[in-house]
Amino acid sequence: MTNDSRQERRIADKYKLLACTIAKNFSTVLTAILCYLFDERGFLEDGRNLTSDNYHFRFCANRNEYDSLATIYEEQSFDPNVWGMVAVVRDPFERFVSGFADKCLRRCDFNSHFNDYHILKFDTFNPSQLIDGLAAILRKHHVPESSIDYIKTSLSMSRTPHSTMGTAEQEETKQAILSNKYLMELLIKMYFYDYVLLGFPLPAFDISNQ
């Protein structure tokens with residue numbers, strides 16, 4: 001492991017779980033979940049919380065984090081047919097509005113391991129599908145029900161402090177982009193393959209005033 005700020009892969013080796021985090025795609029909470037599963041007792045004894053754990057002072061910094069899948073192969077005898085690989089994705093338009101400015105498909109070794117991942121879709125207004133999907137993966141990898149219940153309860157009752165969900169600024173940004181044909185065409189060109197590969201519908205936009 002390294003101190004590279006671009007570390008994106010987190011593991012809970014005792015459950016043979018790997019998560020690849022993508023900025024603005026549930027990444028802070030997913031980082032905390034993998035940290036909790038990596039060291040449940042230590043995480044709770046240190047007074048940590050899944051939805052309020054500060055990324056810059058995170059409990060598992062440089063403990064279960066890797067900047068390349070190759071290193072995990074080497075250090076953990078990694079086998080994608082045995083390990084559960086998780087990535088959370090988000091509608092590219094929502095991700096863009098929330099401040100994300102990098103293409104999803106450059107991340108997580110999707111070019112060579114896309115079919116090995118369990119792809120969970122993140123909907124800020126309806127998180128139940130993501131929560132239930134994640135719980136199913138954890139059960140498959142023998143995570144105790146008590147740990148799964150803790151994760152589900154935490155995610156159902158809270159939101160991260162820096163969340164932009166439902167803010168006036170976010171809604172204003174969305175409407176400004178949706179009403180601008182040039183910006184919408186540019187956004188769709190940028191994220192077209194994200195939409196196709198990840199199965200999100202292309203956004204409809206108003207061009208009546210163009």
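Tutor: Axes here are lines fitted to C-alpha atoms, for helices over the stretch in contact, and angles run from 0 to 180 degrees between N-to-C directions. The model is predicted, with local features needing pLDDT of at least 70, side-chain atom pairs counting only at pLDDT 80 or more, and totals for chains, interfaces and linings using all residues. Residues are numbered from 1 along each chain as its sequence is written, and side-chain values use heavy atoms, without hydrogens and water.

Student: Why are α6 and α7 called roughly antiparallel?

Tutor: Helix α6 (residues 128-140) and helix α7 (residues 145-157) pack at an angle of about 165°, their axes being 10 Å apart. Angles over 145 degrees count as roughly antiparallel, and α6 and α7 are therefore described in that way.

Student: Which residues of α6 meet α7?

Tutor: With contact meaning heavy atoms within 4.5 Å, Ile131, Asp132, Leu134, Ala135, Leu138 and Arg139 in α6 meet Glu145, Ile148, Ile151, Lys152, Leu155 and Ser156 in α7. The residues of this contact divide into 7 nonpolar, 1 polar and 4 charged.

Student: What makes β3 and β5 edge strands?

Tutor: Two strands pair if DSSP finds at least two bridges between them, and 5 strands form an open sheet of mixed pairing in the order β3-β1-β2-β4-β5. β3 (65-66) and β5 (117-122) each have a single partner strand, so one side of each is left without a neighbour in the sheet.

Student: How do you know that β1 pairs with β2?

Tutor: Strand β1 (residues 9-12) and strand β2 (residues 17-20) run antiparallel and are joined by 4 bridges, against the required at least two. Arg10 stands opposite Ala19 in β2.

How values were computed: Helices (H or I, at least four residues) and strands (E, at least two) are DSSP runs, numbered from the N terminus. Angles under 35 degrees count as roughly parallel, over 145 as roughly antiparallel, 65 to 115 as roughly perpendicular and the rest as oblique. Ala, Val, Leu, Ile, Met, Phe, Trp, Tyr, Cys and Pro count as nonpolar, Asp, Glu, Lys and Arg as charged, and the others, Gly among them, as polar.
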